[in-house]
Amino acid sequence: MVKKINHRFSLVTDKVPSGDQEKAINLLNSGLKKERFQVLLGATGTGKTFTIANVIEKYNKPTLVIAHNKTLANQLYYEFKELFPNNRVEYFVSYFDFYRPEAYLPGKDIFIEKQSVSNFDLEVMRMSSLNSLLNRNDTIVVASVAAIYGVRDPREYNANHFELLVRNKLNRKEFLYKLVSMGYKRNNLTLEQGEFRIRGDVIEIKSPINSETHIRIELFDGMIDFIQEVDTLNGNVLKRFKKYILIPGNINVLSEGLIKQGIKTIEAELEERIEFFEKEDLLIEKQRIEQRTNFDLEQLKEFGMVSGIENYSFHFENRKLGEPPFTLMDYLSKEHLVIIDESHMTLPQINGMYKGDHARKLSLVNYGFRLPTALENRPLKYQEFEDKIHKAIFVSATPADYELNLTNQKIVEQIIRPTGLLDPVIEIKPSLNQMEDIINEIKKRKTKDERVFVNTITIKMSEEITSFLNEKGVNAAYLHSELKTLERSELLRKLRLGIYDCIVGINLLREGLDIPEVSLIAILDADKEGFLRNRKSLIQMAGRVARNVNGKVIMYASKVTDSMKETIEETDRRRNIQIEYNKKHNIIPKSIIKEIPKSLVSDEALEFISINKRKGKKYLQGKIKELEAEMKEASKKFDFERAITLRDLILELKGEI
């Protein structure tokens, strides 16, 4: 059993709170003493992450930060890791590079097998997250919605930790059996993560979450003589321990007792299901469930593991039917803090996870592909998620009604930017002759070395507008969901470099884009009320030009909708507060200066996306091996942004094969 180490959070930075950050920090800290839920309405570019970091330091409790996609989670992970170098900052997202769940389509009588490609490095980081939460109070875990999906029972996982003490007795044979039961594999040659080797009375163990060092245990006369941490590369001793906690070698390891118990209850459920299908005269379904489950049971008895074991997870856990699964949130201490980033997007996503998962699995159960308890392997329902929260701060530039109602409409505002930058000026222009007007606006910006976003509502329109702009001498490109990840990143980099004057896109121009060179966003069909043109979307789009001192928004419309009116009113309100603050403190706004990153892959690889079919399969396979080596090297250096991009390119190239 692990005993937690108590360390305080320590924020390491030269920055000091500025603008209204200090006020927001004080209000949030005060609110944590009496409120369960709070909202931080932070305008784009006001330094919300820095504010939250200050709150985490003061509150000093384990913290879970949830973002609605891996890209944002990755960005937040690096930011918090830089701000808290002496504390544990972890990353918890899905460990699949590619995942297609099994499904059955009754109308077409098609069964789709599960396909997945797992990422070892992400799996290691997930395991590191669980261990940090068990071991230390000063832990921040940045996660995607993977945080609401099932993991091991923390009590059982905790019990699988093993304490080693110098001068204590240790039965060598029993200890080696214990290592295997904890998920470690024996390898007397090279020592890889999650493996151990034996040399006489010396046992060397490599943790699954550490690639650089391993633990060396030397026995003498049936006792532990010493425990050392050793550099795996050169064999140098780095540390000596009197006590060492050995973590499980595999996050999914099951004890022999649990496997035996699970097999019995699976067999019992199978008998009930066969009887049900016979009674209902569903003979095909009966045959399916009988054959599939018996095959899986044979695998479990022989190997202690089976493909799709997650569908039987209920049988290996101590919970009742209908009870929520164990998740990352169960590893947090009772007095924890949850930060929901971009809450207007993240909360609806969390709310939708269970319904989609349940509908897919219900079809599998009804048609004999899975036992009914497969439905218990699921994400949390929204209310279950909310019930697990001790304290939460919802962070958004446009908080939704749901989180506002949770806090009785009380919000903490952060409107002032440290740079003095103002919310953009918003102008409404008629849709008539809008393209000619946009071209003139782009040309004005080009003389000032500034860029433009044009926001439309369909993929077809974005491509047609791009073609029209190019014909008129404007260097433009379109950006939408059908483009590959790597292509999107490269387009934005080239926009910043000035290779393109303008990017035409859809809702991809809303959250998460930080392009300080963009001084104008032109919103076409601004009066088309709906998801892409509601108040929240329009405010988010306007925020894309709040990093440039000349930031401006032009809405092209035939009429003024309520959403347009509310967006202008809210933007003017914020802008007036910012202007007043700047006058009072003699601040002159300045555009953000941000370094333009180098391309994440070679020009040859970028070109390869469009011409690979001409090169042939052999060249394709060689390029994949080369990029895989680059990806592994990036992961070892914790450059996960680069690794993720390389991973996406590899998947694209594999798709061509």
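**A close look at the salt bridges**

Mentor: The structure holds 36 salt bridges. Keep in mind that this is a predicted model. We will take a few of these pairs in turn.

Start with the setting. The protein chain has 657 residues, and 52% of them are buried. It contains 19 helices and 25 strands. Take the contacts with a separation of 6 or more: residues 24 or more positions apart account for 75% of them. The accessible surface is about 31800 Å², and carbon and sulfur atoms own 50% of that area.

Now go to helix α12, residues 434-447. Glu441 and Lys444 both sit in this helix. They are 3 residues apart, about one turn of the helix. Their side chains meet in a salt bridge, at 3.8 Å from N to O. Are the two partners buried or exposed? Glu441 has a relative accessible area of 4%, so it counts as buried. Lys444 stands at 48%, so it is partly exposed. The pair also belongs to a network of salt bridges. Lys429, Asp437, Glu441, Lys444 and Arg445 are linked there.

Glu267 forms a salt bridge with Lys301, and the closest N and O atoms are 3.1 Å apart. Glu267 lies in helix α7 (residues 256-279) and Lys301 in helix α8 (residues 283-303), so the pair ties together parts that are 34 residues apart in sequence. Glu267 has 29% relative accessibility and counts as partly exposed. Lys301 reaches 53%, so it counts as exposed.

Glu204 is buried, with a relative accessible area of 3%. Arg199 is partly exposed, at 48%.

Glu529, Asp562, Glu566, Glu569 and Asp572 gather in a patch of negative charge on the surface. A residue joins such a patch if it has over 30% relative accessible area and no salt bridge. Glu566 has a relative accessible area of 37%, so it is partly exposed. This residue lies in helix α16, residues 562-584.

Glu342 sits in the loop between β17 (337-341) and α9 (343-366). Its phi is near 45°, a positive value in a residue other than glycine. Most residues other than glycine have a negative phi. Glu342 is buried, with a relative accessible area of 13%.

Note on methods: Residues are numbered from 1 along each chain as its sequence is written. This is a predicted model: local features need pLDDT of at least 70, side-chain atom pairs count only at pLDDT 80 or more; totals for chains, interfaces and linings use all residues. Side-chain values use heavy atoms; hydrogens and water are left out. Patches are made of residues with over 30% relative accessible area and no salt bridge: like charges are joined within 9 Å, nonpolar side chains (Val, Leu, Ile, Met, Phe, Trp, Tyr) within 5 Å. Accessible areas come from the Shrake-Rupley method with a 1.4 Å probe; for residues, only the protein chains shown count as cover. A salt bridge is a side-chain nitrogen of Lys or Arg within 4 Å of a carboxyl oxygen of Asp or Glu. Lys and Arg count as positive and Asp and Glu as negative; His and the chain ends are not counted. The place of a charge is taken as NZ of Lys, CZ of Arg, CG of Asp or CD of Glu. Helices (H or I, at least four residues) and strands (E, at least two) are DSSP runs, numbered from the N terminus. Buried means under 20% relative accessible area, exposed over 50%, partly exposed in between (1.4 Å probe, protein chains only). Contact means heavy atoms within 4.5 Å.
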